[in-house]
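Q: I'd like to learn how to read a protein model, feature by feature. Can we go through one together?

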Amino acid sequence: MPLLSKAGDIMIGAIFSFHNTIEEFNPLFNALPKPITCTDVNVKEFLFAKTMIFAIEEINNSMLLPGASLGYKIYDDCSSIPLATKAAMDLVNGPEGTLSDVSCIKPSTVHAIIGMSDSSPTIAVAKSLGPLHIPVSYYSTCACLSNKHDFPTFFRTIPSDYYQSRALAQLVKHFGWTWVGAVSSDNDYGKAGITTFIEALQNEEICIEYSEVIYRNSPRDKILKVVETMKKASSKVVVAFATFIDLEYLINELLLQNITSLQWVGSEGWIYNEYLATEENYKVLGGAVGINIMNPVVPGLQKFLMKFIPTNIPNNTGLESFWESTMNCTSAGEDNTANGNECLGSETVYRAVYAIAYSVRHFLKCQSNQHGNYSCGNAMNIEPWQVLDNMKHVNFTTSYGETVYFDENGDPAARYELINWQLSKEGMIKFVKIGVYDASLQEGQQFVMNDITIMWKGNNKKVPRSACSQSCFPGTRKAVQKGKPICCFDCIPCAEGEITNITDSPDCLKCPIEYKSNDLKSQCILKEIEFLAFEETTGILLVFFSLLGTCFTMAVTMVFLYYRDTPIVRANNSELSFLLLFSLSLCFLCSLTFVGQPSHWSCMLRHTAFGITFVLCISCVLGKTIVVLMAFRATLPGNNIMKWFGPRQQRFCVFILTFIQILICALWIIVSPPFPSKNTEHYKDRIILECSLGSTITFCAVLGYIGLLSTMCFILAFLARKLPDNFNEAKFITFSMLIFCAVWITFIPAYISSPGKYTVAVEIFAILASSFGLLFCIFVPKCYVILLKPHKNTKKFLMGKVQSESL
């Protein structure tokens, strides 16, 4: 029998849980339960029923359905799935004559059913009524009910737990918790909700340490097992997706064992429940944060409830004793807090009734005429499946400004309040609104926090930490510990040239090629540019010796020029000597092109100038050596070979030999010239500015040609070293070429192994050393005789006609 009923053109059925259930078992036959006993009046459900009546009366008194009225039949299922299913069957099939004084004129078929509060009985009723095309709406949040394949006729005016689970995951992420535990009710609400929540956490890279189920009606051992798991866990945050009745069993056990240090995150099933918010429970749940359904104020509802008298209700046993506390129902004030018993959930019932009314209105095609009056079709012809069909197109705004519509899954837009349990100065527990989650907004803008201080566990204003591992600071990366979740990791320092500039980075980022990592490996900074500069000590020394060599060469040139008519100068082929001194000056000066920042011109000049000046130098020495050999062969009777090695032929020989090198260098410049480059491979912390060779083949040809002429010169000089003469120049040429070859043979491995700018320094050293070797070995002995032993600077002495001490 319905607890409350009223006739109307359009009948709306409802199933509420006015009482709880006790099932007593027969001690002799344990498998045979006694009839269900209803006990403990649920005032909240009673408020839901009265809100439904309020909405129906408001619609009947308005012009929403002119010419048609809404009626209702309200059943009590005593929080029992079997009774809920039986009530649904009675709403569909029961004869009206047994329910009221109105004569029976048609079968008692309701057009829609509103109910129930819990997901499990709703699932049972929705499956039972699915083939009859009667929409079921109101307060069940299980995400499973959004499956249109299993529940094609189900609509609801409360958001799905799918969105609540995602909102809870966003809440956990917002506060930086990466390592949490989870508990849930042993029903469809808890199981489906916590499953979706865990999936949402995995997308956010947040880990679940444990997930336990609260078995309310099971032996205490199962609760103790859950508590033991929570005690051993390292996570400091617990997410509870449960009803307040189930959670109360767990809280009682936690109080007994004095486990009060955990931070709680709650679903709407308990976070805003005034019966759970006691002084004792606050020791465990103090500072809890969680998700609650938006609770706007329905205009006129409070006044309507105040006028209601419980004694007028048939079978109202127990209601009167609760009415006084019921009338303390208040709504949240301007300070975002509420105390006392709340009218929670009433607006969802209100929306459900109006959704059905607008569906009927759409079917009846209610329209206004030219006089402003509404007219509708015949309400007697409407069938339940037509109400269902039109429910899909419902879109209206409530009296308190909220837009109501359903998506393709029969769900409304999801909006939640974010709640924080706080203790007032008077010692009262307050539910403080700290933010909003709106699933209809764009990704990244759905979660908005208010500018309100959050009080955490122990009345602390600092957000508690809950992580399997400490955060990896910039400069390090996360490395997952083997066999553990991704939230458990070690922090590995980044390698050279890599950085991380954020906390808990999974990877290190490589710096651009011209950058290096700083000491903390947290920022890329420009690498130092390195080249052999004029200002540094090595550059200054090399420039000094280069200029010193040039000065010595100029001094020797001045001596030879002043004493150009003396026998020693004339006898040693003065024309080639002056050309050799000129080429040596160029050799000393070309080393200067190797110092300083490389450029396109300096790179081409340094290598080509080096190659050409050294060939000119060696060509002169080679010419002098050939002249010495030919001069002694020309002294033989009948030998007139010197006519082929006169001054003109010597100049031509030097020109030809040098011109060959010029051609090689020109080919080098045309094909692939040297160019400045940045060497980033030799060092990781700095860039070496150097001259790349361009064509390696032509560079080897330049060096090979110098090496060939040097080898020829050395061999010829070595053969002529013992020719009879008091001043045999071939001996000094031999020594000079020996030094020259030794320097350049040693140069190759030194050049290859020298780091950075010192590669250029080795090359300059080789140029200077070989140039000084030629200058000192060939010209210093002559200058010694000219300046210090002038008596030996005679033709007779040079011809060996004067006995003298050995030079």
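This is a predicted model: local features need pLDDT of at least 70, side-chain atom pairs count only at pLDDT 80 or more; totals for chains, interfaces and linings use all residues.

Q: Which residue forms a salt bridge with Lys521, and how far apart are the closest N and O atoms?

A: The partner of Lys521 is Glu496, and their closest N and O atoms are 3.4 Å apart. To place them we need names for the pieces: helices (H or I, at least four residues) and strands (E, at least two) are DSSP runs, numbered from the N terminus. Lys521 sits in the loop between β24 (515-517) and β25 (524-526), while Glu496 is in the loop between β21 (489-493) and β22 (498-499), so the pair ties together parts that are 25 residues apart in sequence.

Q: Is Lys521 buried or exposed?

A: Here's the scale: buried means under 20% relative accessible area, exposed over 50%, and partly exposed in between, using a 1.4 Å probe and protein chains only. Lys521 has a relative accessible area of 14%, so it is buried. Glu496, at 49%, counts as partly exposed.

Q: What is the phi of Lys521 like?

A: In general, most residues other than glycine have a negative phi, and most peptide bonds are trans. Lys521 isn't a glycine, yet its phi is positive, about 60°. Glu205 is another non-glycine with a positive phi of about 60°, and you'll find Glu205 in the loop between α5 (188-203) and β9. As for peptide bonds, a cis one joins Gly115 and Met116, with omega about 0°. Met116 lies in the loop between β6 and α3 (119-129).

Q: How many salt bridges does a search of the whole structure find?

A: The search finds 14. One of them joins the side chains of Lys225 and Glu212, at 3.6 Å from N to O. That pair links distant parts of the chain, with Lys225 in helix α6 and Glu212 in strand β9, 13 residues apart. Lys225 is exposed, at 52% relative accessibility, whereas Glu212 is buried, at 14%.

Arg351 also forms a salt bridge, with Glu402, and the closest N and O atoms are 2.9 Å apart. Arg351 belongs to helix α11 (residues 346-364) and Glu402 to the loop between β15 (395-397) and β16 (403-405), so this pair ties together parts 51 residues apart in sequence. Arg351 is buried at 5%, and Glu402 is partly exposed at 24%. Salt bridges can also form a network, as with Glu530, Asp685 and Arg686.

Q: How do I read a sheet?

A: Strands of a sheet pair through backbone hydrogen bonds, either parallel or antiparallel. Two strands count as paired if DSSP finds at least two bridges between them. Here, an open sheet of eight strands runs in the order β9-β8-β10-β11-β12-β17-β18-β19, with mixed pairing. Its edge strands, β9 (207-214) and β19 (447-449), each pair on one side only.

Q: How many bridges join β12 to β17?

A: Five bridges join β12 (residues 289-293) to β17 (residues 415-423), and the two strands run antiparallel. For instance, Val289 has Asn420 in β17 as its bridge partner.

Q: Which helix packs on that sheet, and which strands does it touch?

A: Contact means heavy atoms within 4.5 Å. For directions, axes are lines fitted to C-alpha atoms, for helices over the stretch in contact, and angles run from 0 to 180 degrees between N-to-C directions. Helix α7 (residues 244-256) packs on the sheet and touches β8 (179-185), β9, β10 (237-241) and β11 (263-266), and its direction makes about 175° with that of β11.

Q: Which residues of α7 are buried?

A: They are Asp246, Leu247, Leu250, Ile251, Glu253 and Leu254. Among the elements covering the buried residues of α7 are α6 (220-232) and α8 (279-285).

How values were computed: Residues are numbered from 1 along each chain as its sequence is written. Side-chain values use heavy atoms; hydrogens and water are left out. A salt bridge is a side-chain nitrogen of Lys or Arg within 4 Å of a carboxyl oxygen of Asp or Glu.
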